[in-house]
Structures are given as C-alpha cells and as structure tokens.
Amino acid sequence: MLGTCGNCGEGVADMPTSSGCDFLVLGLEGCGKSLLLRRLACVHNREKLLAFTADTTATLGTEMCDIPLPRGYPFKQISVREVGGAMAPIWPNYFHDAAAGVVLVIDAGDASALAAAAV
C-alpha cells in the first residue's frame, strides 16, 4: 500500500502494513482531523516534525493516510480513513471499514461544536 499524509508523508510502498483501514477518523467540519493526522505522521521523524506547518484545507469526501509506528509494533504503520465533516449524515456507511476502531475528533474550544458532537 502506498501512503502519504500531508506535507510530512513519503511513499511507504515497501513497508508491511496491516490490512485495510485500521481506524476511521470522524469529526465536525474544522475540528482538526486533518491537522491531527498530519501531526501524527510526523511525530517519529524529528526533521519533519520541526518543519511541520499547520496549513490545512477542508477534506472533501474521504482521505486515506498511513501513520508510521515506532519500532517494536507488529506493523510498520496503521492505515487511517478520514471522513470529511460535511459527510456526517453518511458516516455510518464507513463504520465497516474500521478494523480497529473509530476516532471522534472534537474541538473542545468551540462550545457549539461540543454540543453538536454530543448529538
């Protein structure tokens, strides 16, 4: 599987991966899903982490991302599917993709987003 993620990604086609999508990342529009995934993709590479920028655009549809894991884990990376916040009405259609779990990202600094996330 070839994967890249944001400005931090490099091709990782030769690395063993787990099968399919491990995690599904959901959240309202503008809550920071893409930023979180880009940051996680850089966390084990000091050079990329230092060069990290917070520039993101709204995710239209879905986006696949591979997050590298440190040594000692059974897989070299995990596969993540991010589903845009505008697609909230059809999020349940993607639940079957998540082999390991669902991550709900909430912007705790936005009181109206907290209320909407609770629904």
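In which strand does Arg81 lie? Arg81 is part of strand S3, which spans residues 77–83. The model is predicted, and local features require pLDDT of at least 70, side-chain atom pairs count only at pLDDT 80 or more, and totals for chains, interfaces and linings use all residues. Residues are numbered from 1 along each chain as its sequence is written, and side-chain values use heavy atoms, with hydrogens and water left out.

The chain contains three helices and four strands, where helices (H or I, at least four residues) and strands (E, at least two) are DSSP runs numbered from the N terminus. From the N terminus on, the order of the elements is β-α-α-β-β-β-α. Of the 119 residues in the chain, 33% are buried; buried means under 20% relative accessible area, exposed over 50%, and partly exposed in between (1.4 Å probe, protein chains only).

Arg81 counts as buried because its relative accessibility is 17%. Lys76 is located in the loop between strand S2 (62–68) and S3. With a relative accessible area of 42%, Lys76 is partly exposed. Lys76 and Asp66 are 10 residues apart in sequence, and their C-alpha atoms are 9.6 Å apart.

Leu104, Ile106 and Leu114 make a nonpolar surface patch of about 240 Å². Patches consist of residues with over 30% relative accessible area and no salt bridge, like charges being joined within 9 Å and nonpolar side chains (Val, Leu, Ile, Met, Phe, Trp, Tyr) within 5 Å. A salt bridge is a side-chain nitrogen of Lys or Arg within 4 Å of a carboxyl oxygen of Asp or Glu. Leu114 belongs to helix H3 (residues 111–117) and is partly exposed, at 40% relative accessibility. Ala118 follows in the segment after H3 and counts as exposed, at 68% relative accessibility. A C-alpha separation of 9.7 Å is found for Ala118 and Ile106, which are 12 residues apart along the chain.

The second largest pocket has a volume of about 250 Å³. Of its 17 lining residues, Gly30, Lys33, Thr57, Ala58 and Thr59 are the closest to the centre. A pocket is an open set of points on a 1 Å grid over the protein atoms alone, where a 1.4 Å probe fits, with protein on both sides within 12 Å along at least five of seven lines; lining residues have an atom within 4 Å of a point. Helix H1 (residues 33–42) supplies the largest share of this lining, three residues. The lining comprises six nonpolar, eight polar and three charged residues.

Conventions. Accessible areas come from the Shrake-Rupley method with a 1.4 Å probe; for residues, only the protein chains shown count as cover. Grid points are joined across faces, edges and corners, and a volume is the space filled by probe spheres set on the points. Ala, Val, Leu, Ile, Met, Phe, Trp, Tyr, Cys and Pro count as nonpolar, Asp, Glu, Lys and Arg as charged, and the others, Gly among them, as polar.
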